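Please study the sequence and the 3D structure before you turn to the worked solutions.

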Amino acid sequence: MSSKERRKLIEEFLIKRGAPQKGQDLAKELGVTRQVIVKDIAILRAEGINIIATPEGYMIPKDEKHKIKRVIAVCHNPDEIEDELTCIVKFGGTIENVIIEHPLYGEMRGMLMIKTLYDVQNFMEKCKKYKAEPLSALTRGVHIHTIEADDKETMERIIKELKNKKYIISD
């Protein structure tokens with residue numbers, strides 16, 4: 001199989017399967033190394049394919065033209081992370097990422113793609129397992145999320161809940 005054919009298969013797998021695919025699993029399935037997959041993903045991205053890397057693996061987001069996206073600035077204590085994420089997903093939102101503005105490194109971003117309560121639990125378990133500090137620990141709790149919802153009403157409910165909890169940074 002040529003590298004071009006392999007990249008076409010990778011793209012098809014990511015589109016058809018919907019769920020994130022680990023590079024190691026794709027490598028095994030295609031009979032190549034993980035490094036080959038990483039290179040193929042980079043080439044596909046350079047060709048304009050919207051592939052994102054999440055902690056769960058690579059994925060191509062479904063057509064999201066009808067979705068509503070909003071970037072929000074929030075601040076809270078580390079022990080409120082689970083509550084903040086739950087506020088968003090319980091109303092049908094997706095937390096795409098977390099972004100901080102670091103004084104030395106500039107913008108730092110982590111892809112999250114948290115869509116369900118299960119995803120929230122999984123994220124929290126990984127935080128504990130790896131004893132990982134959230135990015136917001138570098139900015140005293142201040143961070144930004146890109147959130148997505150199916151419609152304006154859903155987004156309004158999410159924002160209202162976050163404001164009620166005093167997570168959103170007011171103007």
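**Exercise 1.** Describe how α4 and α5 pack, giving the angle and distance of their axes.

Step 1. The axes of α4 and α5 come within 9 Å and cross at roughly 160°, where axes are lines fitted to C-alpha atoms, for helices over the stretch in contact, and angles run from 0 to 180 degrees between N-to-C directions.

Step 2. Because of that angle α4 is roughly antiparallel to α5; angles under 35 degrees count as roughly parallel, over 145 as roughly antiparallel, 65 to 115 as roughly perpendicular and the rest as oblique.

Step 3. The crossing of α4 and α5 is right-handed (a crossing is right-handed if the near helix is turned clockwise from the far one by less than a right angle, and left-handed if anticlockwise).

Step 4. On the α4 side the contact is made by Ile 81, Glu 82, Leu 85, Thr 86 and Val 89, and on the α5 side by Leu 117, Val 120, Phe 123 and Met 124, with contact meaning heavy atoms within 4.5 Å.

Step 5. Sorted by class, the contact of α4 with α5 has seven nonpolar, one polar and one charged residues (Ala, Val, Leu, Ile, Met, Phe, Trp, Tyr, Cys and Pro count as nonpolar, Asp, Glu, Lys and Arg as charged, and the others, Gly among them, as polar).

The model is predicted, with local features needing pLDDT of at least 70 and side-chain atom pairs counting only at pLDDT 80 or more, while totals for chains, interfaces and linings use all residues. Residues are numbered from 1 along each chain as its sequence is written, and side-chain values use heavy atoms, with hydrogens and water left out.

**Exercise 2.** At what angle do α4 and α6 pack, and which residues make the contact?

Step 1. α4 and α6 (residues 152-164) pack at about 155°, with their axes 8 Å apart, and that makes α4 roughly antiparallel to α6.

Step 2. The crossing of α4 and α6 is right-handed, and the contact joins Glu 84, Cys 87 and Ile 88 of α4 to Ile 158, Glu 161 and Leu 162 of α6.

Step 3. By class, this contact of α4 with α6 has four nonpolar, no polar and two charged residues.

**Exercise 3.** Describe the packing of α1 and α3.

Step 1. α1 (residues 3-17) and α3 (residues 34-46) pack at an angle of about 80°, with their axes 10 Å apart, which makes α1 roughly perpendicular to α3.

Step 2. From α1, Arg 6, Arg 7, Ile 10, Glu 11 and Leu 14 meet Val 36, Ile 37, Asp 40, Ile 41, Ile 43 and Leu 44 in α3; the residues of this contact divide into seven nonpolar, no polar and four charged.

**Exercise 4.** Which residues lie nearest the centre of the largest pocket, and which element gives the largest share of its lining?

Step 1. Among the 24 residues of the lining, Pro 20, Met 59, Met 113, Lys 115 and Asp 119 lie nearest the centre of the largest pocket.

Step 2. β5 (106-114) and α5 (117-129) each supply at least two residues of that lining, and α5 gives the largest share, five residues.

Step 3. The lining of the largest pocket has eleven nonpolar, four polar and nine charged residues.

Note on methods. 1 Å grid on protein atoms, 1.4 Å probe; cavity = no way out; pocket = protein on both sides within 12 Å on 5 of 7 lines; lining within 4 Å. Helix = DSSP H or I, 4+ residues; strand = E, 2+ residues; numbered from the N terminus.
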